[in-house]
Amino acid sequence: MIGPGDSLDIFVWRNPELSLVVPVRPDGRISTPLIEDLVAAGRTPTMLAREIEDRLSKYLTNPIVTVIPKSFIGPFAQQVRIIGEAVTPRALPYRANMTVLDAMIEVGGLTKYAAGDRAILIRAVNGIQESYPVHLNSLIKGGEIMDNVALAPGDILIIPQRYF
């Protein structure tokens, strides 16, 4: 599913002037030549391509459109967000069987100011946000694999700064 922050390569066959790379805006929409403000978020690339073909058919005969995600974050409900003292805090697209260690590898690990063993995982369970302690220093530096917890779509990992 396409989400805000994704980048899409839109190819219109035999019409290079209409083919371009577009970002999905925070409101979930894209703008292309001849088509203004088209909702992209929450759709698959194929669904979006068919919508663009429908809209372009006013101007072109039988347009053929392909939409290819170039960079993908996905919809908010399918992201894992890492904030605080990660080397590069950011939102990541959730993948099946993703763990805390996978997420830490993608954000470059902890900063030297991180209090990794005081990290908190926030997860919505039945519409209620719950907090769980995560021991990142034990996992990353100590190799304690039992601290490698599974992540779920929508999780937020907060890494606090240590006290000096």
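Tutor: Arg-55 and Glu-51 are 4 residues apart in helix α1, which means that about one helical turn separates them; helices (H or I, at least four residues) and strands (E, at least two) are DSSP runs, numbered from the N terminus. The two form a salt bridge, and their closest N and O atoms are 3.1 Å apart. A salt bridge here is a side-chain nitrogen of Lys or Arg within 4 Å of a carboxyl oxygen of Asp or Glu. In general, side chains of opposite charge can pair when their charged atoms come close. Arg-55 is partly exposed, with a relative accessible area of 31%; buried means under 20% relative accessible area, exposed over 50%, and partly exposed in between (1.4 Å probe, protein chains only).

The model is predicted: local features need pLDDT of at least 70, side-chain atom pairs count only at pLDDT 80 or more, and totals for chains, interfaces and linings use all residues. Residues are numbered from 1 along each chain as its sequence is written, and side-chain values use heavy atoms, with hydrogens and water left out.

By the salt-bridge rule, the count comes to 7. Another of these pairs is Glu-53 with Arg-50, where the closest N and O atoms are 2.9 Å apart. Both residues belong to helix α1 (residues 45-56), and because they are 3 residues apart there, about one helical turn lies between them. Glu-53 counts as buried at 15% relative accessibility, whereas Arg-50, at 37%, counts as partly exposed.

Glu-106 forms a salt bridge with Arg-95, with 2.4 Å between the closest N and O atoms. Glu-106 lies in helix α2 (residues 100-106) and Arg-95 in the loop between β7 (90-93) and α2, so this pair ties together parts that are 11 residues apart in sequence. Glu-106 has a relative accessible area of 27% and is partly exposed; Arg-95 counts as partly exposed at 38% relative accessibility.

Phe-11, Trp-13 and Ile-64 form it on the surface, with about 300 Å² of accessible area together. Patches are made of residues with over 30% relative accessible area and no salt bridge, like charges being joined within 9 Å and nonpolar side chains (Val, Leu, Ile, Met, Phe, Trp, Tyr) within 5 Å. Accessible areas come from the Shrake-Rupley method with a 1.4 Å probe, and for residues only the protein chains shown count as cover. Phe-11 is placed in strand β1 (residues 7-12) and is partly exposed, at 42% relative accessible area.
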